[in-house]
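Here is a colleague's note to read beside the model. Keep the sequence and the 3D view open as you go through the points.

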Amino acid sequence: MADAIVVDHLVKRYGPLAAVAGVSFHVPAGSVFSFLGPNGAGKTTTTEILEGLRRATDGHVSVLGLDPWTEAAELHRRIGVIPQDFRFFEKITPREAVEYYGSLFGTQPRPDELLERVQLADKAASRFDTLSGGQKQKLGLALALTNRPEICFLDEPTTGLDPTARRAIWDVIRSLKSDGVTVFLTTHYLEEAELLADQVAIIHHGRIIASGTPSEIISAHGRPERLRFQAPPALADYLRPRLGLPVTVADGRVEVELSQKSDALRVLSAVEASGLPWQTFSTVQDTLEDVFVRLVGQMDDGTLKSEEAAA
Amino acid sequence: MRPGRIVADLKVVTRSYLRNPVALFFSLLFPIILIALFGLIFSGVGNSPVTVQVLNLDDNSHVSQEFLSALNNTSAVKVVVVSTNASDFASWLGQNDDPVGLVVPDGFAANYSARETTVVTVYTDPEDAQDSGVVLGAVQGVANAFNLRAANGTEIVGLDEKNVGSQVFSYIDYLIPGLIGFSILTSPMFSMVDVAASYRKDGIFRQLSLTPLTRAEWLTSHFLWYMGLTFVTAGIMIGAGVVLFGAHVNVTVGLIPFLIVGPLFFVSLGMLAGSVAKTPESAALIGNIITFPMMFLSGTFFQVSAFPAALQSFAHILPLYYVIDGMNQVMLFSNTSRAFYDVLIVLVGAIVIFLLAIRFFTWRDE
C-alpha cells in the first residue's frame with residue numbers, strides 16, 4: 001500500500017523553541033492514522049505543516065506526493081480538514097455552507113445527502129449560530145468532505161461532544177475508511193484512537209515516543225496481563241512469598257501480574273488455599289490510555305527516550 | 001481570479017449582512033436618521049438670503065444706492081441700511097443678531113466717477129464662516145461688475161441670471177455629499193477592521209485558506225458588497241434630503257465613479273488596518289485612529305473652506321476629502337474637471353491600498 005503521507009525528520013522551531021524536534025512517520029493510503037499527545041506536544045504544529053498552513057523549519061514532508069507548503073493550492077483541492085473548535089459564518093445555514101464550499105471547489109455536492117451522511121440533515125436550514133457544539137463539528141466534517149478528499153485531517157473532531165454525537169462522527173470516519181479515504185485523526189480520547197486507528201503515533205515534547213498499531217504499542221509498552229481480586233489487603237501479604245510474582249494493592253483490590261498464562265492457575269489455587277474471603281476476580285490488560293499515561297510520565301521524568309533517540 | 005468564487009463569496013457576505021439586524025439598521029435607517037437630524041438642526045442655514053447691515057457713509061449718492069440695490073438683487077444677501085456711528089460699527093455688529101456688515105465709504109460715488117480707487121469694507125463673523133463667505137462673494141461679484149462698467153470693458157464671461165437664486169446652496173445641499181462620504185468611510189472601515197481581526201481569531205481565514213478561494217477574490221467580493229451598499233445608502237440619503245428638506249443636488253453619472261472608488265479605497269484600508277493589528281482590540285484602536293480624523297475633517301459635516309488654514313492643509317491629505325469634494329463638484333457645481341481630478345487621486349490611492357492589503361493580509365503562517 002502506497003504512503004499517503006511521509007514525514008521524515010520534521011523540525012519546526014519558534015525562535016529557540018523546537019515545537020517539533022525531528023519527527024518521522026508515514027501513513028499508508030486508505031488507513032486511519034491517529035496522532036496522539038498531551039497539550040503542547042507538537043500535534044497541531046505537525047498537523048498544520050501537513051495541511052500546508054505552516055512552513056517546516058527543516059526535514060521532509062510529502063502529502064499525496066506534494067510539498068504541502070509550496071504546492072498548497074493543489075494539495076487543498078485534494079484534502080479535507082476539520083479544525084479544532086470549528087467556526088463558520090454565523091448567519092449561514094449548513095445547506096448554504098455546503099453550497100458555498102461546492103462553488104469554491106467547483107464541485108456539485110448534494111447538500112442534503114452530505115448533511116444526511118453526517119447526521120445533520122434536520123438542521124440544514126438552521127443558522128450556524130443556533131447550532132450546538134456537536135452540530136457545528138458535524139458541519140465542519142460535512143464541509144471537509146465537500147471536495148471528495150483523498151485525505152481527511154480531523155483535528156480533535158469529537159472534543160466536547162456528547163456520546164451520541166461522538167458515535168455519529170466515528171461512523172463517518174469508518175465510512176471514509178471503507179471508501180478508501182486516508183484519515184489523519186488527532187484526538188485526546190485514547191479509546192477513540194484504539195477503536196478507530198490502524199496506526200498510532202504518540203508525540204511528546206516534539207518527539208515521537210511510540211508508534212505502531214494500538215496492540216503493538218500496548219504489548220511493547222504495557223504491563224503484563226493481571227488477575228484482579230476484590231479482596232482484603234491481607235491476601236496480597238499471603239500471595240507475595242508464595243508466588244514470586246508482583247502483587248499490588250489499590251482501591252481495595254489485589255492485582256497479581258502474570259508472567260505467563262499458566263501462572264493464572266497457580267494464582268487461583270493459592271488464593272483458594274489462603275482461606276481469605278474474596279468476592280470477584282477478573283483479568284486486566286493495559287489500554288492504550290494506560291500506556292499513553294505511562295509513556296508520557298516516563299518521558300517527563302527522563303526514563304524514556306524518543307523512538308528516534310532510541311534508534 | 002475566478003468570477004464564480006467571487007460570486008459565491010459575495011452571496012455569503014450578502015446573506016450574513018442581510019440577516020444581521022444591527023448591520024441593516026446602520027446601513028438603511030441610520031442614513032435617514034443622520035439626514036433628518038442634521039437637516040433639522042441646520043435647516044435654516046442657506047435657505048434665505050444672508051442679512052447684511054450696511055452703513056452707507058455716502059448715502060446721498062446715486063452710485064452707492066445703485067451698488068446696494070445691485071447687491072440686494074443678487075438674492076444671496078438682504079441689505080439692511082443702518083444708521084450708527086462709523087467708529088462703533090464693529091462693536092455694534094458684534095451685539096447684533098446678524099453680525100455681518102458692509103461700510104460704503106464717504107466719497108464712494110465721487111471716486112467711482114473719477115475712476116479712482118474706493119474701498120468698501122466687509123465685516124465678517126468668524127463664528128459663521130458660511131454666511132460671511134456668502135456676503136464676501138456677493139460683494140465681490142457686484143464690485144467686479146461695477147469695475148467692468150467703469151472701465152467700459154466688454155463682458156467676456158457672462159452669467160445666466162435666471163439661475164442666480166439656485167446658486168445659493170443650503171446646508172442640506174452640502175450635507176448630502178458629506179454624509180454619503182461619511183457612509184463610504186464608516187461602513188467598510190469599521191466592518192472590515194472587525195472582520196479582519198475576528199476572522200483571524202476565530203480561524204475562519206484559516207478555514208478559507210484551505211479552499212481555492214484567494215485573498216484577492218475574498219477582498220473583491222467584500223468590495224463589491226460595500227459598493228452595492230454604498231449605492232443603496234446614497235440613494236436613501238439623496239431621497240431623504242430631497243423629500244424631507246427640499247435639497248437641490250444633481251444626480252448624474254458623474255457620481256458613480258465616487259461610489260465605486262470610495263468603497264474600494266476604504267474596504268482595502270480597513271483590511272490593511274485589521275491585518276497589521278495583532279488583536280481585535282488593537283484593530284479597533286487602529287481603525288478609530290484612522291477613521292475619526294477623516295470623519296470630521298474631510299468636509300463631512302462642515303465645509304473644509306470654513307476650517308483654519310492648518311486644518312485645511314491637513315484635510316487635503318485625507319482621502320475622504322477628495323471623495324467628498326469630488327461629489328460636491330458633481331452634485332452642486334457641475335464641475336466635472338475638478339471631479340475628475342478628485343476621482344483620479346482616490347483611484348490611484350485605492351489601487352495602492354488594495355495591493356498593500358493583499359500583501360499584508362495573510363491567512364496562513366508565513
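Where in chain B is confidence lowest, and where is it highest?

1. **Confidence in chain B.** The lowest confidence is in helix H6 (residues 129–150) of chain B, with a mean of 79, and the highest is in H1(B), at 94. The score here is pLDDT, the predictor's confidence in each residue, from 0 to 100. Helices (H or I, at least four residues) and strands (E, at least two) are DSSP runs, numbered from the N terminus. Over chain B, pLDDT averages 84, and 92% of the residues score at least 70.

2. **Ground rules.** This is a predicted model: local features need pLDDT of at least 70, side-chain atom pairs count only at pLDDT 80 or more, and totals for chains, interfaces and linings use all residues. Residues are numbered from 1 along each chain as its sequence is written, while chains are lettered from A and ligands numbered from 1 in the order in which they are written.

3. **A stretch to treat with care.** Over residues 156–166 of chain B, pLDDT stays under 50. The model has four contacts for this stretch beyond four places in sequence. Two residues are in contact if their C-beta atoms, placed from the backbone, lie within 7 Å. Where pLDDT is low, the predicted coordinates should not be read in detail.

4. **Domains.** The bounds come from an automatic or database domain assignment. Chain A has domain 1 (3–219) and domain 2 (223–284). Their centres, taken over C-alpha atoms, are 44 Å apart. Chain B has domain 1 (3–43 + 169–360) and domain 2 (50–167). Here the centres are 42 Å apart, again over C-alpha atoms.

5. **The chain contact.** The predictor gives the complex an ipTM of 0.81 and a pTM of 0.75. Chain A and chain B each put 20 residues into the contact. On the side of chain A, helix H2 (72–78) and H3 give two or more residues. H3(A) gives the most, with six. By class, that side has eleven nonpolar, two polar and seven charged residues. Ala, Val, Leu, Ile, Met, Phe, Trp, Tyr, Cys and Pro count as nonpolar, Asp, Glu, Lys and Arg as charged, and the others, Gly among them, as polar.

6. **Helix H1(B).** Which residues of H1(B) are buried? They are Arg5(B), Ile6(B), Ala8(B), Asp9(B) and Val12(B). They cover an arc of only 165° around the axis, so they sit on the same side of H1(B). The arc is that of the directions from the helix axis to the C-beta atoms. A residue is buried if 20 or more other C-beta atoms lie within 10 Å of its own, exposed if 12 or fewer, and partly exposed in between, with C-beta atoms placed from the backbone. On the other side, Pro3(B), Gly4(B) and Leu18(B) are exposed. The cover over the buried residues includes helix H3 (94–105) of chain A and helix H9 (215–245) of chain B.

7. **Helix H9(A).** In helix H9 (residues 234–243) of chain A, the buried residues are Leu235(A), Tyr238(A) and Leu239(A). Their arc is only 90° around the axis, which puts them on the same side of H9(A). Residues three or four places apart point the same way because an α-helix has 3.6 residues a turn. After H9(A) comes Gly244(A), with a positive phi near 70°.

8. **Leu36(A).** Leu36(A) lies in strand S3 (residues 32–36) of chain A. Leu36(A) is buried, with 30 other C-beta atoms within 10 Å. Among the residues Leu36(A) touches are Leu190(A), Val200(A) and Phe292(A).
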